[in-house]
Amino acid sequence: MRLTVFWQRMADHFGAAYADSFARDHVMSGLGGRTVHEALDAGWSAKEVWRVVCSTMDVPYDRR
């Protein structure tokens with residue numbers, strides 16, 4: 001998954017204004033106690049991060 005696709009999915013699910021705030025502030029155990037930005041900076045793939053976001057935030061299956 002390309003980062004552009006990842007960020008578009010984040011914006012589609014959380015809204016454009018909240019997606020970045022969520023990605024900077026919400027620490028998830030599935031990301032090893034990291035935020036989305038920290039996980040991406042640490043080398044996690046966008047696909048892996050999106051899977052964790054989906055499972056943590058109960059993103060509907062049709063949006064995954």
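A residue is called buried when its relative accessible area is under 20%, exposed when it is over 50%, and partly exposed in between (1.4 Å probe, protein chains only). By this criterion D58, with a relative accessibility of 63%, counts as exposed. D58 is placed in the segment after α4, where helices (H or I, at least four residues) are DSSP runs numbered from the N terminus. The phi of D58 is near 50°, a positive value in a residue other than glycine. Most residues other than glycine have a negative phi.

The model is predicted; local features need pLDDT of at least 70 and side-chain atom pairs count only at pLDDT 80 or more, while totals for chains, interfaces and linings use all residues. Residues are numbered from 1 along each chain as its sequence is written, and side-chain values use heavy atoms, with hydrogens and water left out. The pLDDT, which is the predictor's confidence in each residue from 0 to 100, averages 95 over the chain, and 100% of the residues score at least 70. Confidence in the chain is lowest in α2, with a mean of 94, and highest in α3, at 98.

In helix α2 (residues 16–25), the buried residues are A19, F22 and A23. These residues lie on the same side of α2 because they cover an arc of only 95° around the axis, the arc being that of the directions from the helix axis to the C-beta atoms. An α-helix has 3.6 residues a turn, so residues three or four places apart point the same way. A17, R24 and D25 are exposed on the other side of α2. The packing partners of the buried α2 residues are α1 (3–14), α3 (36–41) and α4 (46–56).

The loop between α2 and α3 contains T35. T35 is buried, at a relative accessible area of 4%. Apart from its neighbours within four places in sequence, T35 is in contact (heavy atoms within 4.5 Å) with A23, R24, D25, H26 and V27.

The axes of α1 and α4 come within 9 Å and cross at roughly 15°; axes are lines fitted to C-alpha atoms, for helices over the stretch in contact, and angles run from 0 to 180 degrees between N-to-C directions. α1 is therefore roughly parallel to α4, a term for angles under 35 degrees. On the α1 side, L3, F6, R9, M10, H13 and F14 meet A46, V49, W50 and V53 of α4.

Technical notes. Helices (H or I, at least four residues) and strands (E, at least two) are DSSP runs, numbered from the N terminus. Angles under 35 degrees count as roughly parallel, over 145 as roughly antiparallel, 65 to 115 as roughly perpendicular and the rest as oblique.
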